[in-house]
Amino acid sequence: MSESDVEPLARGGYRCALCDVHLPNSPTLNDHLKGKKHQKLLSVRTARKSQQEKSLFVSGFHKGTSNLEITDYFQTFGTVTNVIMDKDKGIYAIIEMGSTEEVEMVLSVAQHCMNGKKLRVKRKETKEFKYIPKKKQDPGKKQLIDFEELTQVLCQAVDVDEQMKQLLRLFELTDSEKMLRKLIVSLLQEVFLEFFPSCRILPFGSSVNAFDIHGCDMDLFLDLEHTKTFQANARSAAETEEVNGTKQDTKSETQSEDSILSDIDLETSTTAEVLELVATVLQKCVPGVHKVQAVTTARLPVVKFVHKESGLQGDISINNRLAVRNTMFLQLCASVDQRVRPLVYAVRYWAKQKHLAGNPFGGGPLMNNYAVTLLVVFFLQNRTPPILPTVNLLKELADEDDHCIIDGWDCTFPSDHSKVESSANSEGLCGLLAEFYKFYSQFDFAGTVISLRKGKVNLVTDFIDPESDKNLRLGPINIQDPFELSHNVSGNVNERTGQKFKRQLDEAFKYCRSLQYQRKSNKGKIWGIVRLFQPLSSLDCSPAHSPAVDYSPGKELCSGGNMLTIPFKLSCLSQQTRKRLHGSPDFREIWFNKVCHAVFYVMETVLKCSCSCTEGSNVQTSDVKISSFDETGSKEEDSFGLKRARPVEEVPETSGSKKARIETLQYQGEVTWHCSVWNRVWVGRRKMRRQLHYKTNESDANTNVVASSLEIEEKVTEAIMQQEENSDKSSPLIIFSFSAFLVGGNEDTRTVIRVTPVQQTALFVEFFHFLESFIPKMTEKCFEKSD
């Protein structure tokens, strides 16, 4: 055994690189090294190494040369034990000699010739031995169909509606798969009842919520509430017997069961302690279960396991009662209307193919399937007439027996699905899918919070009360859980993913308006949802191919020209600023003013451009602050005289988005200023930044002063200007105007800046490309400084 086979791990334990297994301690490691698997792989590796040392790579012979001819030639140097020919083209061979000495004898000949052809002979390339276990076909785990096969099947359908139904049939669990999962749950229930009396194993999540797919994991909830009661009663009875002196030495059922739980009190034990006991039961007492691991440090602690016979992976949790209720809610939604399931399957597969849900390339936090499903549910709540009811309406339909409170949250809805009336909406699946993309391509994700309980959106400023201990984790996409109202189910999504999601929605909406989506191709081309599902490559998902700004269509004032976009992001605002915005219906206007002052500050102070405002929009840069507030938080007159965006009448509601639009005003307004650039301040900034950092380290070695990003960038600009102090300053290099607009209400809240040059030159194009990334980044730094 090579010493490199065993690697000590940073968190303790060891890894056997040869067998690719992790061992928790030294005794286990020693047992593994003496075991059959490790010893067998050692012998295989030794044999492979010996073969490699005695093997030669030969090429250059005539195509069609036989093994016998090659053997006859090389037998003149010694024993030829094996000849392996290239099966495909027959242009090379691997020859194994009897010993390494014979290999050296062959290589000592400068040139080999056979049948009039010069041979190229060299040592066989040495490859590192790596154990690759054979893959087993899981009897209860059907593999997902690949995209090429899916394309062939779906393109044979007669229309898009049939394509979506066929997609559902291809992806959903078969009856045998469902039966296998039920049997596993029954097995676990039977075993765990022996150790945790009156407990229940409840499946939840994708395998049972009506949106299952082949190979999905089994999520299980171990309900121990009745077990805790059983344990408390058993201990109380034992104490009573002991006090009365009537304690018997017989093994009653209570005592027998209590002996299993004698080492742990479920009522006072930590989650980690209980899960360790669950893992022990799984590992030692459940037949056919292996790879058991208690993950107690995760946000939701679980015990992971694998069912060996089927290959199914499962998780067991003990504090996830709300997830069980969410699963029942999705089951209800699926049963109310038969269009729900095919629509959800289509949108979820589209999100997977576009790398918006799941994590195929490890490219950052993406949406989970639950969040995507809730987007579909909310969309169906907002059709006219609605296809799905709101959670509040379901609560009204529930009986007294359906009343359900979990962790303080009202999770009430009817258990009898027949109480929910069918919708009068008759839209087809083809039209619904197209409307889904239209609905969300025009949606203000950043400025609103989706509420399935009410079936409408709320302003984000309603959820940023600093005094509340149940605030949502707000982000680029905000979907409030229908029951746990303090949970944003898409709170893990970052800005890049949010922008990519909007961009893919726009592209899908455009495609769904084309004939290629609506009609079957007569020329054999892909059509309908198939083209919608075409996967992105890993290159398409790289940062270089994901622009930092999003140019959403549909806004006339933003069309054409050179546009800079600064999206609304709560994450870049301090708690103090959030407190000012809390509950403010005109938060978009306040934020727009703040952005305008920040952009003006960056252009005039940081980049040293000459800037002047048009009449009515006098923006100053004595500091970065944009508005002052009194102690009550009410807004005073803007300290810089910025022309406020003026409210206009509310846009009439359309049938497709009536409930989705918030009951506030849209703003339209414009702030314009003219700028002149006298130096190439965008050229060589990185190099100059490094030089200034080096000089700063030399001169300020004994200080702890750390300059802000704005101050550093200002110094970089000044240094570049000093280098160009002898250049011609008779006229500006570039003259252009900035026109800032506020967009929000029916689209993502953002400030759009149109940059219009007096003359479109190559120099301006360079400068604008620099501004595309520099302005949004420095604007955020201004927010930090002003706060």
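Modeller: Helices (H or I, at least four residues) and strands (E, at least two) are DSSP runs, numbered from the N terminus. Please keep in mind that this is a predicted model, in which local features need pLDDT of at least 70 and side-chain atom pairs count only at pLDDT 80 or more, while totals for chains, interfaces and linings use all residues. Residues are numbered from 1 along each chain as its sequence is written, and side-chain values use heavy atoms, with hydrogens and water left out.

Colleague: Okay, how many helices and strands are there in the protein chain?
Modeller: The protein chain has 23 helices and 25 strands. Of its 787 residues, 47% count as buried, where buried means under 20% relative accessible area, exposed means over 50%, and partly exposed is in between (1.4 Å probe, protein chains only).

Colleague: And what share of the contacts join residues at least 24 apart?
Modeller: Taking contacts between residues at least 6 apart in sequence, 68% join residues at least 24 apart; contact here means heavy atoms within 4.5 Å.

Colleague: Can you show me one residue like that? Which residues is Tyr437 in contact with?
Modeller: Tyr437, which is found in helix H15 (residues 429–441), is in contact with Trp350, Leu505, Ala508, Phe509, Cys512 and Leu532, once its neighbours within four places in sequence are left aside. The C-alpha atoms of Tyr437 and Leu505 are separated by 5.6 Å, although the two residues are 68 residues apart along the chain.

Colleague: Is Tyr437 buried or exposed?
Modeller: Tyr437 is buried, with a relative accessible area of 0%.

Colleague: At what angle do H11 and H13 pack, then?
Modeller: Helix H11 (residues 321–336) and helix H13 (residues 369–381) pack at about 40 degrees, and their axes are 12 Å apart. That makes H11 oblique to H13, given that angles under 35 degrees count as roughly parallel, over 145 as roughly antiparallel, 65 to 115 as roughly perpendicular and the rest as oblique. The crossing of H11 past H13 is left-handed, a term used if the near helix is turned anticlockwise from the far one by less than a right angle, with right-handed used if clockwise.

Colleague: Which residues in H11 and H13 meet?
Modeller: On the H11 side Asn326, Phe329, Leu330 and Cys333 meet Tyr370, Thr373, Leu374 and Val377 in H13. By class, that contact of H11 with H13 has six nonpolar, two polar and no charged residues, where Ala, Val, Leu, Ile, Met, Phe, Trp, Tyr, Cys and Pro count as nonpolar, Asp, Glu, Lys and Arg as charged, and the others, Gly among them, as polar.

Colleague: What joins Thr384 and Pro385?
Modeller: A cis peptide bond joins Thr384 and Pro385, with omega at about -5 degrees, and Pro385 is found in the loop between H13 and helix H14 (391–397).

Colleague: New topic, how many salt bridges does a search of the whole structure find?
Modeller: The search finds 21 salt bridges, a salt bridge being a side-chain nitrogen of Lys or Arg within 4 Å of a carboxyl oxygen of Asp or Glu. In one of them the side chains of Arg123 and Glu104 meet at 2.5 Å, N to O. Arg123 lies in strand S8 (residues 117–123) and Glu104 in helix H4 (residues 100–107), so the pair ties together parts that are 19 residues apart in sequence.

Colleague: And which residues are linked in a network of salt bridges?
Modeller: Arg200, Asp223, Glu225, Lys228 and Arg321 are linked in such a network. Within it, the side chains of Lys228 and Glu225 meet in a salt bridge of 3.6 Å, N to O, and both residues lie in helix H8 (residues 225–244), three residues apart, about one turn of the helix. Lys228 is partly exposed at 22% relative accessible area, and Glu225 is also partly exposed, at 41%.

Methods:
Axes are lines fitted to C-alpha atoms, for helices over the stretch in contact, and angles run from 0 to 180 degrees between N-to-C directions.
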